[in-house]
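We'll talk about ring pairs, charges over rings and a pocket.

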Amino acid sequence: MRDEEFARQMLAGLNPMVIERLEVFPPKSKLNPGIYGTHTSALTASHIKGQLEGLTVEQALENKKLFTVDYYDIYIPSLNKINSEHKGPKSYASRTIFFYTKENILKPVAIELCLPPPPNTIEPGYKRVFVPPLSGNTKDWLWELAKAHVRTNHVNYHQLISHWLETHATVEPFIIATHRQLSAIHPLNPFLLPHFKNTMSINSQARKALISANGIIEKCFLPRNHSIETSAAIYKEYWHFDELSLPKDLLKRKMALPDATSKYQLKLIIEDYPYAHDGLEIWNTLREWVHDYIHIYYKDDATIKLDSELQTWWNEIRTVGHGDKKHDIGWIKLETRENLEDILTTIIWISSAHHAAVNFGQYAYAGYMPNSPTCAQRFIPDYDSVEHFQIVENPEKYFLSTLSTKVQATTVMTTVEILSTHSTEEEYLGERAIKCWTDNQEVIAAFDKFSSKVKDIEKLITNRNENPELKHRRGPANVPYTLLHPSSPPGVTGKGVPNSISI
């Protein structure tokens, strides 16, 4: 309920991959108004101007101080179906505006909750804006309810898109093509296989218990039996392979700018962005390891084009494994060693760090339902309604009646505890369970260098979490950001980056 912690979790929580810098206020939708109604936002400058430390909205935009987590286009197309389910959820499509203060802290300044117009009508959709109470000592329960609805949108997007779609589902075609097209003696076979360990098995289990009809996702999460339909729709509309690269993702969301003088080749707009800051360390180290490995086996760009197994592998991934996206502009042409570096680094990043960032903190951040409700049971009441008087009379009871049910909460809690657990056989970034995976001394030296750099990243993350100047590293909850700390003991630890998606 602390606004500062609510905002911090957009940068250092379970789903830090959605927040983007705002360049136009109010935000604009890209949906077809002929299908989904008018999209003019109800947000105005008057809602936020008193919270911008004396800046106008235009000045705040120019100074790169305004950010948003915008789920309008994601949820509006399916909300009528979701909300019409019998005894089903009652949820909105949310837009949240954040301001980056002089104290280098992100804070929410406005929330817009929206509903589409009723089916087959030309009526305008519902839009309502909430702002935080003027006094920090005052609790406004309507504001708290609005934040809870935002968290519901955020958690569902996390599970269905950032987690399931962008890691588990995305990687499967790479695994299948590797086994089908790269022979056992191809240099990329032993290089990639540790990053695919147990993924097909865990995906099979997920299809049986988690994302199946009447499975845990359909019973406990907002879209219910539209969950995989929603995930598929977002895959069709928004998924692009190249944007799964961390640098490309940060640039797309305008959370970074190109900077040739930086060691990352880009500059973060919010320097204290724990997921991005730690992630770029891992990305650069992975990229260097991939570069070293490729240059051992491929002496020039011509050898890339002439490798028939490699070319057939990449062709199958694009045209068969991801066949319905085969004409997408996000595919990288495999013509040079640099192209191959981009492809392999992205695959390994998805399988290791991206998955770790969205998976192993689930028990810490989502085990306690009020922090991460997966469903909403009630709309926010209007002023002077019967429900509003119920809030005044017993706000906490009404608040909890809005969120997930007890059965949903306990089911999700036990599930995410399992998903957040490292096995005793886990193989982490910089490790190889099979010590004799290669006898090439150049490769062994390059891998030893990579492993050493991974250990250096661990020390760097530990030091960052102890730096009081980096206020998003711990926040009011005093929970250090360790989800990209590479190693971990077995169990539920909230850290550790395995080589593969194995849980």
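This is a predicted model: local features need pLDDT of at least 70, side-chain atom pairs count only at pLDDT 80 or more; totals for chains, interfaces and linings use all residues.

Before we start on the rings, here's the rule: rings of Phe, Tyr and Trp (its six-membered ring) count as a pair if their centres lie within 6.5 Å.

**Rings**

With that rule, the count is 26 aromatic pairs. Take Tyr 92 and Phe 379: their ring centres are 5.2 Å apart and their planes sit at 55°, so this pair is tilted. It ties together distant parts of the chain, with the two residues 287 apart. Tyr 92 belongs to the loop between H5 and strand S3 (93–100), while Phe 379 is in the loop between helix H16 (362–366) and helix H17 (386–393).

Phe 379, at a relative accessible area of 31%, is partly exposed.

Now look at Tyr 273 and Tyr 275. Their planes are also at 55°, with centres 6.3 Å apart, so here's another tilted pair. Tyr 273 is buried, at 1% relative accessible area, and Tyr 275 is buried as well, at 2%.

Here are those two pairs in one place:

| Pair | Distance between centres | Angle between planes |
|---|---|---|
| Tyr 92 and Phe 379 | 5.2 Å | 55° |
| Tyr 273 and Tyr 275 | 6.3 Å | 55° |

Ring pairs can also join up into a cluster: Phe 174, Tyr 235, Trp 239, Phe 241, Trp 313, Trp 314 and Trp 331 are linked this way.

**Charges over rings**

Tyr 235, one of the cluster's members, has Lys 325 over its face, 5.7 Å from the ring centre. Elsewhere, Lys 147 puts its charged end over the ring of Phe 6, at 5.6 Å from the centre of that ring.

**The largest pocket**

How big is the largest pocket? Its volume is about 1100 Å³. The lining has 38 residues, and the closest to the pocket's centre are Glu 20, Lys 30, Tyr 238, Lys 252 and Arg 253. Several elements each give two or more residues to this lining, including strand S1 (20–21), strand S2 (66–70), helix H10 (227–238) and helix H15 (337–359). Which element gives the largest share? That's H6, with five residues. Sorted by class, the lining comes out as 18 nonpolar, 14 charged and six polar residues.

Conventions: Residues are numbered from 1 along each chain as its sequence is written. Side-chain values use heavy atoms; hydrogens and water are left out. On a 1 Å grid over the protein atoms alone, a cavity is a set of points where a 1.4 Å probe fits but cannot get out, and a pocket is an open set with protein on both sides within 12 Å along at least five of seven lines; lining residues have an atom within 4 Å of a point. Grid points are joined across faces, edges and corners, and a volume is the space filled by probe spheres set on the points. Helices (H or I, at least four residues) and strands (E, at least two) are DSSP runs, numbered from the N terminus. Ala, Val, Leu, Ile, Met, Phe, Trp, Tyr, Cys and Pro count as nonpolar, Asp, Glu, Lys and Arg as charged, and the others, Gly among them, as polar. Rings of Phe, Tyr and Trp (its six-membered ring) pair if their centres lie within 6.5 Å; planes under 30 degrees apart count as stacked, over 60 as edge-to-face and the rest as tilted. Buried means under 20% relative accessible area, exposed over 50%, partly exposed in between (1.4 Å probe, protein chains only). A charge sits over a ring if NZ of Lys or CZ of Arg is within 6 Å of the ring centre and within 35 degrees of the ring normal.
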